[in-house]
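Let's take a friendly walk through this structure, stopping at a few places worth a look. Have your viewer ready.

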Amino acid sequence: MASWFSSLRKTRERFAGALQSLFSSGRPDPESLDELADMLIMADVPMPLVQNLLRELEQAASRKEPLLATAQRILVNALGQHTPWNWAELPKPTAILLVGINGSGKTTTAAKLAHMAQQAHRRPLLGAADTFRAAGSHQLKLWADRLGCDAVVGATGGDAAAVAYDAMDAAIARGCDVVIVDTAGRMHTKEPLMRELQKVRDAMNKRSPGAPQHTWVVLDAMLGQNAVIQARQFHAMTPLTGVVVTKLDGSSKAGFLLGVRQELQVPILFAGLGESADDLVPFDASTFVRALLDVEDAS
Ligand SMILES: Nc1nc2c(ncn2[C@@H]2O[C@H](COP(=O)(O)OP(=O)(O)OP(=O)(O)O)[C@@H](O)[C@H]2O)c(=O)[nH]1
Ligand SMILES: [Mg+2]
């Protein structure tokens, strides 16, 4: 399994140098603060947060407080708190709908989540409601076979909402604990496709009132701040309850995550750190910030 610390190397390299020289001098002069601001912006940290951080660092310095601890506090606060996801406590069946733009990592994430559920001794069912292209459903079916997990797969060109309905139906009939429904990638700007998501939700709800209990947008960390713009559009069409961030291992713009809570008002629940089934980890704000700031014990 990939680690947080190695996954965040590229983002960390963007600004850890500036932070390190600042922290080691213990005294923020205007030049090093400017340099720090530039680095943070390059790593896609949102502007208001950068300004807040600089203000706090200046105040901390005048109070002779440690700068590193101050930066950690501000950044962890920006990420906010959430109750960690607990597979053991889910009502049965719990349905999770995954949405996002093309190639963001939805199908891989669906498989990783199923794997995680299995590790927690839950029985998952994967619903392949990506009927848009043959490879979409096939890819999820391959994962299901590999994981030894139940799956309901739609025919190519079929109705995504009908597959989602059948997935709920099968999960109830088979006594599955959790249903994870993968959807086709769609551009956040294409309204008819965005409306299709509502049909998928309605179908799930029809078979199992209350479903989907969770709708998570899967965001590609390589896109940085652009991923948040897309997520906002998804949020407007279908209320999101969480974010899963993928490809943190390849991104140099993971700083955008620091603004997600503020902009979307939903928690970041999981992070993808690689392509294998076990490369999904619960998102932990303090581990993330420690890895960004190059604090020793980040694992
Ligand atoms: N390095 C890395 N690669 C990932 C991660 N998550 C997904 N990928 C890769 O990203 C590519 C796209 O992933 P998919 O899961 O197919 O993305 P998708 O959102 O289902 O794509 P569409 O169905 O076409 O919209 C694949 O090559 C995955 O292996 C991750 O966390 N890290
Ligand atoms: Mg897919």
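This report on a predicted model covers its core, a helix pair and some backbone details.

## The nonpolar core

The largest nonpolar core has 93 residues, and those touching the most other members are Leu 126, Ala 164, Val 179, Ile 180, Val 181 and Val 243. Helix α8 (residues 160-174) supplies the largest share of this core, with eight residues. In soluble globular proteins, nonpolar side chains tend to be buried together.

## Helices α4 and α5

Helix α4 (residues 47-62) and helix α5 (residues 67-79) have axes that come within 9 Å and cross at roughly 150 degrees. The two are therefore roughly antiparallel, and their crossing is right-handed.

Among the residues making the contact are Leu 49, Leu 53 and Leu 57 of α4, together with Leu 67, Ala 71 and Ile 74 of α5. By class, the contact has nine nonpolar, two polar and one charged residues.

## Backbone details

Most residues other than glycine have a negative phi, and most peptide bonds are trans. Lys 64, in the loop between α4 and α5, has a positive phi of about 60 degrees. Lys 247 has a positive phi near 60 degrees and lies in the loop between β6 (242-246) and α11 (260-264). Lys 64 counts as exposed because it has 8 C-beta neighbours inside 10 Å, whereas Lys 247, with 22, counts as buried.

Cis peptide bonds join Lys 92 to Pro 93 and Ala 211 to Pro 212. Pro 93 sits in the loop between α5 and β1 (94-99), and Pro 212 in the loop between α9 (191-207) and β5 (214-220).

Methods: Residues numbered from 1 in each chain as written. Chains lettered and ligands numbered in written order. Predicted model: local features only at pLDDT ≥ 70, side-chain atom pairs only at ≥ 80, totals over all residues. Core = buried A, V, L, I, M, F, W, Y, C linked by C-beta atoms within 7 Å. Buried ≥ 20, exposed ≤ 12 C-beta atoms within 10 Å, placed from the backbone. Helix = DSSP H or I, 4+ residues; strand = E, 2+ residues; numbered from the N terminus. Axes fitted to C-alpha atoms, helices over the stretch in contact; angles between N-to-C directions. Parallel < 35°, antiparallel > 145°, perpendicular 65-115°, else oblique. Left-handed = near helix turned anticlockwise from the far one by under 90°. Contact = placed C-beta atoms within 7 Å. Nonpolar A, V, L, I, M, F, W, Y, C, P; charged D, E, K, R; others polar.
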